[in-house]
Amino acid sequence: MLRRAELKSISLARNRRKWRRFFEDVGARSSRPQRVRATGSVSNSFGNLAVPELLRPGRPRAEKLGDPHLRRRSREAILRYSRFRICATWAALLVWTIEGAEQKPIAPSPLSVSGPSYTRPTNASHQWLSIPIEISGLPAQAEFLPVRCQVDFTAWLRGSNVPGAVDERSLRLFRVTPRGQEEIACQFRAADQPRPKIRRTLPDTPPNVSYLGEYAAGETPGEIKAAGELSWVVQKSINGGASYRLEFGVPRNGKLIQVPFAPQNLRAFDAEGRGTSVRWFPRMQMHPQWPFEGVVHISEGKAPITTYHLGPPLASLAASNPNIRRPFFYPVNGLDGISLTEFGKPHDPTGSHAHHYSLWIAHASVNGQDFWSERGGIIAHEQLELMEDGPIFCRLVQKTRWVNQGQELLRERRSFTVYQSGDDFRLIDVELSLTPAGSNPVTFGKTSFGFLAARVAQSMTVFDGAGEIRNANGDLNEQRAHLKRAFWMDQSGPVSQGRWGGIAMFDHPDNPNFPTGWHCRNDGWAGAAFNMEAPYTLEPGATLRLRYRILLHGQDAMRGGVAQRYEEYRARPVVQFGKVKLEK
């Protein structure tokens with residue numbers, strides 16, 4: 001009779017054959033082409049496992065088990081091999097399960113180079129050209145510096161003897177570095193184009209179309225130009241400069257249509273009537289709700305940023321005395337979605353500071369009349385001149401009238417540009433243009449109230465939340481920063497448990513009276529005091545232009561990088577274009 005050890009060896013050999021058949025069956029169902037061989041030499045973490053020839057099928061049992069030394073070696077090999085086969089089987093089952101499971105699609109990045117909605121026009125459909133761009137005058141450590149420049153594609157085509165018109169949606173901007181180039185988002189705003197006196201259409205177009213005219217591809221459309229403002233963000237600079245390459249295409253077939261709305265520019269369509277795909281989705285969007293609510297909501301993707309309240313309509317002033325006396329922003333959300341601003345003044349049951357409208361523009365002395373408090377004049381909404389969405393920023397341009405007791409003193413044009421978020425911060429640019437409404441001069445009297453001001457959330461104030469007020473000189477809180485001149489003023493404080501946020505206001509170097517004075521209080525508000533030391537008179541026909549930047553940031557002024565953001569704001573980048581090149 002066979003001894004127990006010999007029977008165990010026989011049993012292990014049988015198990016080995018079972019595991020081999022099972023593994024081969026699993027391997028056949030697996031999508032992987034590689035299979036671990038059932039016999040032969042297998043190299044892995046268990047060592048080099050050779051299946052002994054003695055145990056291969058077809059050999060007599062007596063021959064297999066006759067020599068005790070061979071039996072011992074066979075048992076050891078079988079045990080090592082069986083352990084390996086068990087591990088390999090479970091690994092195959094795991095691979096089979098993972099590969100057989102349904103794969104969830106990965107959402108593309110908002111600035112992904114190859115989003116599913118974009119199809120690059122081919123060389124057959126477009127004649128491609130490019131032009132190098134060099135930027136100098138940047139801060140050494142520029143991280144987020146918006147750049148704008150004027151471009152005239154029509155002039156470039158004329159200089160290159162290329163007929164036709166540029167497809168504005170074909171623009172692609174590449175950042176060039178010693179390691180190569182990478183595509184970045186850019187935004188183009190076409191310049192206003194003339195409205196043709198006679199609408200021109202192609203022979204196959206019905207007469208009742210809405211657009212202003214159309215032109216065949218390759219045809220230069222007369223007075224209609226492809227020109228405007230190109231914008232992007234410089235996020236890295238090398239020795240105070242940066243290099244780019246702008247690529248653009250001229251359609252070879254199809255048509256160009258002049259749209260019936262401002263800026264009345266051209267849109268390209270292929271031979272089948274499909275428009276050129278949008279390269280970069282406009283994540284920065286404005287959602288007007290007027291005349292229903294008189295507000296414009298501003299968002300980045302799904303995240304609400306702020307709401308701009310247009311103020312009382314100009315037409316309503318004759319019929320009533322409105323409760324809301326000027327435009328304002330509320331709420332003004334930080335990057336975590338928590339509003340950084342509020343109304344009024346904490347611990348003020350009488351409403352003596354109800355005129356603190358979150359984030360607003362006003363002045364306490366315009367020809368001696370008060371446009372700051374709730375008892376004075378009204379800044380009325382006249383018209384929304386522009387609402388622009390885009391991948392880099394969205395922009396709102398509003399016209400207002402400064403009216404007191406039926407007398408119009410000022411006509412104002414204000415522009416707000418809200419940029420895509422950076423690394424835990426967001427920029428909002430403010431541009432004001434104020435012109436006397438009549439034939440008499442307007443004097444802004446000496447006061448520390450006006451123009452730009454912000455009331456922060458109560459939790460952020462010095463008194464209630466142990467927050468901070470800090471200016472560019474390092475002066476801290478009201479006792480040191482009040483009525484001091486500085487490049488910028490910041491209010492920071494707690495916005496949630498363990499989380500700080502802040503709102504900073506920058507004064508532009510081109511503003512009169514730069515650097516401006518600042519009015520600030522520990523109870524939670526601060527504002528640019530344009531006339532802190534002296535009045536300013538504006539003659540008829542003249543325009544006072546003021547520029548400010550608002551920075552919404554995390555943490556306090558020091559750790560939130562307020563000083564670095566201001567250096568980027570005050571920079572004066574120089575943009576230079578090279579020679580147009582025809583791409584093959």
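Me: Which strand does Ala454 lie in?
Reply: Ala454 belongs to strand E23, residues 450-455. Strands (E, at least two residues) and helices (H or I, at least four) are DSSP runs, numbered from the N terminus. This is a predicted model, in which local features need pLDDT of at least 70 and side-chain atom pairs count only at pLDDT 80 or more, while totals for chains, interfaces and linings use all residues. Residues are numbered from 1 along each chain as its sequence is written, and side-chain values use heavy atoms, with hydrogens and water left out.

Me: Is Ala454 buried or exposed?
Reply: Ala454 is buried, with a relative accessible area of 0%. Buried means under 20% relative accessible area, exposed means over 50%, and partly exposed lies in between (1.4 Å probe, protein chains only).

Me: And what is Ala454 in contact with, leaving aside its neighbours within four places in sequence?
Reply: Its contacts (heavy atoms within 4.5 Å) include Ser358, Leu359, Trp360, Gln491, Met505 and Trp525.

Me: Which residue is the bridge partner of Leu359 in E23?
Reply: That partner is Ala454. Strand E17 (residues 359-363) pairs with E23 in the antiparallel sense over 5 bridges; two strands pair if DSSP finds at least two bridges between them.

Me: What is the order of the strands in the open sheet?
Reply: The sheet has 9 strands, in the order E13-E14-E15-E16-E17-E23-E29-E28-E25, with antiparallel pairing. Strand E13 (284-288) and strand E25 (484-485) stand at the edges with a single partner strand each, so one side of each has no neighbour in the sheet.

Me: Changing topic: how many residues of strand E26 are buried?
Reply: In strand E26 (residues 488-496), 8 of the 9 residues are buried, so the strand is largely enclosed by the rest of the structure.

Me: What does E26 pair with?
Reply: Strand E24 (residues 468-471) pairs with E26 in the antiparallel sense over 4 bridges, and Asn471 has Met489 as its bridge partner in E26. E26 also pairs with strand E27 (residues 499-507), again antiparallel, over 8 bridges. There, Ser492 stands opposite Gly502 in E27.

Me: Which residue takes a positive phi in the hairpin of E26 and E27?
Reply: Gly498 does, with a phi near 75°, and the hairpin has 2 residues between the strands.

Me: One more: which side chains does Glu183 make polar contacts with?
Reply: The side chain of Glu183 makes polar contacts with the side chains of Arg172 (2.9 Å) and Arg279 (3.0 Å). A polar contact is a pair of N or O atoms within 3.5 Å; within protein, one must be able to donate a hydrogen and the other to accept it, and residues adjacent in sequence count only if both atoms are side-chain atoms. Glu183 is in strand E6 (residues 180-184) and counts as buried at 9% relative accessibility.
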